[in-house]
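This report goes through one protein model, from its secondary structure to its surface and its charged pairs. The sequence and the coordinates come before the description.

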Amino acid sequence: VVLIGDDGRMAWSWSAEGRLLAGGRSRLDAGALRGEPDAASNAAGRLSADWLAWTTQLGRAPSRIVCLVDDGLDDGTGGGIARLGRSFGAAWPGAGIDLFRVPDPIGSTLHRLRETTAGGKPTRPLDAQAAVGDLAARPGRAHKAMYRWTAFGLLAASALCITLGIQQRRSAGEAATEAAALTGAQRDRVAEVLPEGVDLTYPVLAAQAERDRLRIERGATSRIQPPPPILAGVEQIGFVVSSTDVRLEKLTLTTSLASVVVSGPTTESVELLPGTLRGGTDLFAWQTSVRINQQGGRYRTSISGNWANDPDVPEPSS
């Protein structure tokens, strides 16, 4: 529906099944009301552009156009308003257009809403609040304010990230400078004990190479360790295990490592075995704690240790 009042203002609305879809208003050029072709085409073009935007947003387009014009608008020839109506039809092809000259366009529209059928029932549901609710649900100032504050929050987060990045870069630069200073001090310290002409690109490697060279020159040889007493170790472990409630399942002895796998009827008997081995054997240094697993109604664990008389073998850790 397009309403053209006596003051030259134009208001339009789209509706479907008595429900408002879109609406707008604008002022017509005086030349369009007098029937000037260019002015009428321009007015129809502006209206068509506005309707195209709503068509894109709603995905719907009007199939019938009802144009209500105030009787007070008369150019003297009676053809201006008709030419404006034809311009509307040409700007929106495919839709039927009806042009009516009425004394009061707004009053005629309100009267149309009161029309009833022969049975006395309204031809369409008259829910004024529905149209108001649809308009109120459109984005307003609160939504725009929310968008602005969201943008400000993103900008603040971006500034914080940039600040953290600058601080991290500064810290990385300071760490690189400190590392270079330590490397230089290390190089100077190594240069004090190495002969001249030695490449100090890698000072630690240069010091190690010089140490190996001096050992060779002085005739230093690697110390040969005597073999460990394997049989004595087997006897000690077998004697200690046989005196407890656990059963020896596996015994492994190498030149540097001892490993015992035992199982017992209770967790207490298995947990006490490391202490019993440390007290009953003097050839090994056993670990201080064990991990117990239950298999087939018995508790099983593995205990490892090193030969105690081997100075190059470190003490086992738990």
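Helices (H or I, at least four residues) and strands (E, at least two) are DSSP runs, numbered from the N terminus. The model is predicted, so local features need pLDDT of at least 70 and side-chain atom pairs count only at pLDDT 80 or more, while totals for chains, interfaces and linings use all residues. Residues are numbered from 1 along each chain as its sequence is written, and side-chain values use heavy atoms, with hydrogens and water left out.

**Overall composition**

The protein chain contains 10 helices and 10 strands. Of its 318 residues, 25% are buried; buried means under 20% relative accessible area, exposed over 50%, and partly exposed in between (1.4 Å probe, protein chains only). The accessible surface of the protein chain amounts to about 21,300 Å², and carbon and sulfur atoms hold 56% of that area. Accessible areas come from the Shrake-Rupley method with a 1.4 Å probe, and for residues only the protein chains shown count as cover. A contact is defined by heavy atoms within 4.5 Å. Among contacts between residues at least 6 apart in sequence, 59% join residues at least 24 apart.

**The five-stranded sheet**

Five strands make an open sheet in the order β3-β2-β1-β4-β5, and the pairing is mixed. Two strands count as paired if DSSP finds at least two bridges between them. Strands β3 (19-27) and β5 (96-102) are at the edges with a single partner strand each, so one side of each has no neighbour in the sheet. From one strand to the next, the twist averages 15 degrees.

Strand β2 (residues 9-16) runs antiparallel to β3, and eight bridges join the two. Within this pair, Arg9 is opposite Arg27 of β3. The two strands form a hairpin with two residues between them, and Glu17 in the turn has a positive phi of about 55 degrees.

Helix α2 (residues 37-58) packs on the sheet, where it touches β1 (2-4), β2, β3 and β4 (64-70). The direction of α2 makes about 25 degrees with that of β2. For such angles, axes are lines fitted to C-alpha atoms, for helices over the stretch in contact, and the angles run from 0 to 180 degrees between N-to-C directions.

**Gly31**

Helix α1 (residues 30-33) includes Gly31. Gly31 is buried, with a relative accessibility of 2%. Leaving aside residues up to four places away in sequence, Gly31 touches Glu36 and Ala39. Between Gly31 and Ala43, which are 12 residues apart in sequence, the C-alpha to C-alpha distance is 9.7 Å.

**Nonpolar surface patch**

Trp149, Phe152 and Leu155 make a nonpolar surface patch of about 410 Å². Patches are made of residues with over 30% relative accessible area and no salt bridge; like charges are joined within 9 Å, and nonpolar side chains (Val, Leu, Ile, Met, Phe, Trp, Tyr) within 5 Å. Trp149 belongs to helix α6 (residues 141-193). The relative accessible area of Trp149 is 63%, and this residue is exposed.

**Salt bridges**

Side chains of opposite charge can pair when their charged atoms come close. Here a salt bridge is a side-chain nitrogen of Lys or Arg within 4 Å of a carboxyl oxygen of Asp or Glu. The whole structure has five salt bridges, among them the pairs in the table.

| Pair | N to O distance |
|---|---|
| Arg64 and Asp98 | 3.0 Å |
| Glu249 and Arg247 | 3.9 Å |
| Glu249 and Arg300 | 2.9 Å |

The salt bridge of Arg64 and Asp98 has its closest N and O atoms 3.0 Å apart. Arg64 is in strand β4 and Asp98 in strand β5, so the pair ties together parts 34 residues apart in sequence. Arg64 is exposed at 54% relative accessibility, whereas Asp98 is partly exposed at 27%.

Glu249 and Arg300 meet through their side chains in a salt bridge. This pair links distant parts of the chain, with Glu249 in strand β6 (residues 247-253) and Arg300 in strand β10 (residues 298-307), 51 residues apart. Through shared partners, salt bridges join Arg247, Glu249 and Arg300 into one network. Relative accessibility is 44% for Arg247, 38% for Glu249 and 32% for Arg300; Arg247 is partly exposed, as are Glu249 and Arg300.
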